[in-house]
Amino acid sequence: MITTTPHQNVPNAPFAIVPKYRPLVIGIVAGEVSGDALGADFMRQMNNLRSDIVWVGVGGRQMQAQGLHAIIDMSRLAVMGLVEVVAHLPDLFKAKDEILQVFFEQNIDLFIGIDAPDFNLRLGKKLKAHGIFSVQYVSPSIWAWRENRIHNIKKSTDLVLCLFPFELAVYEKHNHPAVCVGHPLLKTIDQRLITTSMLEKRLNMIWETPELKHFFATFDKNPNKGEMSHLIAVMPGSRRGEISAILPKLLASMYQLYLTDNQLCFVIPTVNQNYKRIVQQYLQNEPSELQARVVVCCDETVADFSQRIMAISDLVLLASGTATLEAMLLNRPMVVIYSMKSVTYWLAKRLVKIPYVALPNILANKAIVPELIQHDANPDNIRRTVAQNLAIDTAERQQVDLAKTSEWLRQQSNTNPAMAVLNAWLFAKS
């Protein structure tokens, strides 16, 4: 903004042109734990480019650590499924109005919607109509289903940041600005989790994590000598709806696995203490023999705690989502499952146009990791598939495919998201 002020050193001098600056105010909204991590990474990169940014919006602990002034609690936006969201619509509409009010009051310069497209595109449409540059970070899955949503995306955004290279084709087809910035996990995953020996990683985690130290101390095994049976990381999702739909099936399969090999150990990492209590409540209903072989652990002070658990595991049994990408980049064999309400699944099955749900399979365009979806995700199938993929030859074949896919993804992902946004915004202003 340019204002005129009297020249202070010369009486009755003519007005001089003096620039007066305001901070760059950015509105940003993430709706769940994975979005919080992605948003925090983006904020970190932007803060490295400019020191005058004011952040306002919705996010969790990680985004707040990067300077976010939170408007509402992020959990209000973390709603799962096509049908389940209906019950939460009144509060979602209220949340949208509350966020927009603050954004307009703060006169934001840019809006960044982190994932959660159903919610963030509605915000973007309102903001773009008022001349506010709007960005959607994480493309809606128009490459998988409902390509006609591109028309609403064009009305709601000035730029889309895609995580994966295969997403760009649909934007090029419809002539809308989009760039592949790659997933931040490509840069943030600790390479030592891949290069360090399994024994050393396990020893470090056991001695650094009280729950693991106590857990393994109860068994007649000596981890210092490598005497540890197969360790399976179990990850039922980061939302309560996912946990309630998936964890009971996982626990039933884990008990069946224990009955076939009573030396198996299971570790369930959780994102916070609240989710740890929820998982423990489910576990309390299981047979005591299984309870003795499962440890639920959490360390909110370690941002990559779940990755460290995956890295020390022989196999990861997990819900479809971002965690499958983490497991792939860590080169950990996995079995992917997903389950949802019957009506939601019926709708999704008729709308989705791609054959896979797990990111490693979508990226490779072939089934390199096993998927068990809905009715196939039953305890018998899970037990059988996990047992097959614990076999050394099967696990090694999967790891070769995972490594090749990871390398291809790295080669295709080389655009800085913060630079992409700043360049597009400045170009739009010029």
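**Close-up 1. Ala319 and its bridge partner in strand S14.** In this predicted model, Ala319 is paired across to Ile337 of S14 by a bridge.

**Close-up 2. The six-stranded open sheet.** Reading across the sheet, the strand order is S12-S11-S10-S13-S14-S15, with parallel pairing. Look to the edges for S12 (294–297) and S15 (371–373): each has a single partner strand, so one side of each is left without a neighbour in the sheet. From one strand to the next, the twist averages 20 degrees.

**Close-up 3. Helix H12 packed on the sheet.** Here helix H12, residues 273–283, touches strands S11 (265–269) and S12 as it packs on the sheet. The direction of H12 makes about 160 degrees with that of S12.

**Close-up 4. Helices H18 and H19 where they cross.** Two packed helices are described by the angle between their axes and the distance between the axes. For H18 (residues 379–390) and H19 (residues 392–412), the axes come within 5 Å and cross at roughly 85 degrees. That angle makes H18 roughly perpendicular to H19.

**Close-up 5. Residues at the H18 and H19 contact.** Which residues of H18 meet H19? They are Gln388, Asn389 and Leu390, and on the H19 side they meet Ile392, Thr394, Ala395 and Gln398. Sorted by class, this contact of H18 with H19 has three nonpolar and four polar residues, with no charged residues.

How values were computed:
Residues are numbered from 1 along each chain as its sequence is written. This is a predicted model: local features need pLDDT of at least 70, side-chain atom pairs count only at pLDDT 80 or more; totals for chains, interfaces and linings use all residues. Side-chain values use heavy atoms; hydrogens and water are left out. Two strands pair if DSSP finds at least two bridges between them. Helices (H or I, at least four residues) and strands (E, at least two) are DSSP runs, numbered from the N terminus. Axes are lines fitted to C-alpha atoms, for helices over the stretch in contact, and angles run from 0 to 180 degrees between N-to-C directions. Contact means heavy atoms within 4.5 Å. Angles under 35 degrees count as roughly parallel, over 145 as roughly antiparallel, 65 to 115 as roughly perpendicular and the rest as oblique. Ala, Val, Leu, Ile, Met, Phe, Trp, Tyr, Cys and Pro count as nonpolar, Asp, Glu, Lys and Arg as charged, and the others, Gly among them, as polar.
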